[in-house]
Amino acid sequence: MRLLASLALQNLGRRKARSFLLVAAVAVASGVVFTGATLMRSIDRSMAVGFTRLGADLMVVPEGALTNITAALLVVEPTDLVLDRDAFAKARLAGIARAAPQKIVRVEHSGVGSHHESADLIGFDPALDFTIRPWLVEKLNRGMRPGDVILGAGRAAPLGSELLIFGKPHLVYGRLGRAGVGTHERGVFMSFDTLEALAPSVHGHGGGPPPVLQKGNVSGFLVELAPGATPLQARFAILSTLKGVKVVAGDSTLSGIRQGLEALLDGILALMVLMFASTALMVCVLFSAIVAERRGELGLLKAIGARRGQIVGMMVTEAVLATGFGGALGVVLGVLVMRLYERSLVHYLEKLGVPFLWLDLPRMAAAAVGAVVLACLIGALGALYPAWRASRRDPYDLVRGEG
Amino acid sequence: MLQCRGLCKRYVTERGTVAAVDGIDLDVATGRYAAIIGRSGSGKSSLMAMIGGLSRPTDGRVIVDGTDIWSLAEDELAAFRNGHIGFVFQFASLLPTLRLADNVALPAMLGRRGAPSEIYARAARLLGQMGLGDRLDAYPSEVSAGEQRRAVIARALINEPAIVLADEPTSDLDEQTEIEIMDELLAVNRERGTTLILVTHNLALAEQAEQIVHIARGAVVA
């Protein structure tokens, strides 16, 4: 009812200092929730891209295979030794978050590059990959299809152009950024099926196709550890389960940073939940005091015919108006804080070449709406119980200032 | 017709149970002016609160025009108060953040008794009858105590109730204003045929009543 809503609004104006403090407290809480949620999601996205770009935590290859370990990137080197493509799926090892199988074969006279240049053809499973596609700097605006290839940064060909490999046409689907690792730079990446289809044209040491191009064989696995797992634990689990493999560890500092950041984000989430709960509690206490102070007025409203729902509705409306306004103010404050963050830390990270990916606008708008809705919810929940209790009292008790 | 049967109100205190109203039977005919008199603490305000549906009796019944009001569900009782009973309290009972017109219109708005424009027209007419036609937009703090009390009477009449309950309506007013307010209340009783029940400890005010109920220690003594 408009008159009760207007009464609720005017009641807020009656105690300006108290209303201001309530709005300020909710603004801080919802600002923290909005900024926290946005930054967390942004950091999460940046981590997803940034850390996967930094490669896997471990690499599992056949015993005797060559490996190329750089400070930040594990890369399988071409070899005739192979592993079972489903080895990890069958083993279900503890401490392993993801394992991406790869096939790699080094070929000459493939038609890629100059006549005598060798090229690394790398097959991967798009459904399991987490080390190649994060490097995509440009790609066609559709999903990857059979016959599509992704070129390493060292190979120049326009997107969508045709590339002949052993005389067979392939479409350039995407291009990777510079990684500074030969295999990545020179490589031509494609799905397992696309690579296996080239088998008749590729000759290994025995004259026939190399074993890695047979279905079910892979050159190795790139492995990401589960949160909390250490490389040592994972290495032990892998070696005790899979036979004839070698486990190569990357830079453990990076795994540590990633796991640490994940724990930090969990901690921030817990703090946000606590802040939400404590603000709801504070609103509840404040509205208990407001209800106690206005018992006479509520009693009067009941005496002249206000129903319980109208009393509760008025108090909840009053709280929602204040906390909703606080929530909107918090979003504005959050945007200002993030602008500041962008000008300082994000700018610094980007100067260092560390990508920081903000949430896209629709999701950021959804987070803003979510923060305001959450603030309204805090108000509604905080005021509901005291209002409900007051609405149960006899009007005469309220008018006399009892209860 | 208002009937009270065996009406009791007991309060539990640290020193034991206290009976504020102790088994009162009372009949007030429709359109009558009745005065409930007694000393402070005699139980007259508690009796009025039970009659008005404001305070649940510990025992007994209140029957207004055949309806046992305390057998009604809570929202039904709220609707009953809204439509059948007008209150004039012993304190300034206007909401300070609403204008006089809003205060007077409030019971009708709460009970959804007509379109807002109709309700406000009725509120303006009532305030005009109370001599406050030029103060519709004034806030309670901007008018005198007597004017506030007149606005309260207008609010009590907005839903054309069968009964007006006035609990010490002039206790904080000067003598002249007291006379004016009582004149307004008596006019309501005589001109509209509204049952008026006045609670007072002022015997002079009670002298004009058609029925006087004297309460002492929670019981009717005369």
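Predicted model: local features only at pLDDT ≥ 70, side-chain atom pairs only at ≥ 80, totals over all residues.
The predictor assigns the complex an ipTM of 0.90 and a pTM of 0.63. For chain B the average pLDDT is 90, and 100% of the residues score at least 70.

Chain B supplies 30 residues to the contact and chain A supplies 25 residues. Six residue pairs in polar contact are counted between the two chains, and two salt bridges are found across the interface. On the side of chain B that touches chain A, the elements giving two or more residues are strand S1 (2-13), helix H1 (44-51), helix H2 (74-84) and helix H3 (100-110) of chain B.

One salt bridge joins the side chains of A:Lys302 and B:Glu74 (3.4 Å, N to O). Both of these residues are also in contact with A:Ser391, which lies in helix H10 (residues 361-392) of chain A. A:Ser391 counts as buried because its relative accessibility is 0%. Its side chain makes a polar contact with the side chain of A:Arg308 (3.2 Å).

The largest nonpolar core comprises 105 residues, and those with the most contacts inside it are A:Leu298, A:Leu301, B:Leu47 and B:Leu185. Beyond its neighbours within four places in sequence, B:Leu185 is in contact with B:Val88, B:Ile153, B:Val164, B:Ala166, B:Pro169 and B:Leu196.

Notes
Residues numbered from 1 in each chain as written. Chains lettered and ligands numbered in written order. Heavy atoms only, no water. pLDDT = per-residue confidence, 0-100. Helix = DSSP H or I, 4+ residues; strand = E, 2+ residues; numbered from the N terminus. Buried < 20%, exposed > 50% of the residue type's maximum accessible area, 1.4 Å probe, protein only. Polar contact = N/O pair within 3.5 Å; in protein donor to acceptor, adjacent residues only side chain to side chain. Contact = heavy atoms within 4.5 Å. Core = buried A, V, L, I, M, F, W, Y, C linked by side-chain atoms within 4.5 Å. Salt bridge = Lys/Arg side-chain N within 4 Å of Asp/Glu carboxyl O.
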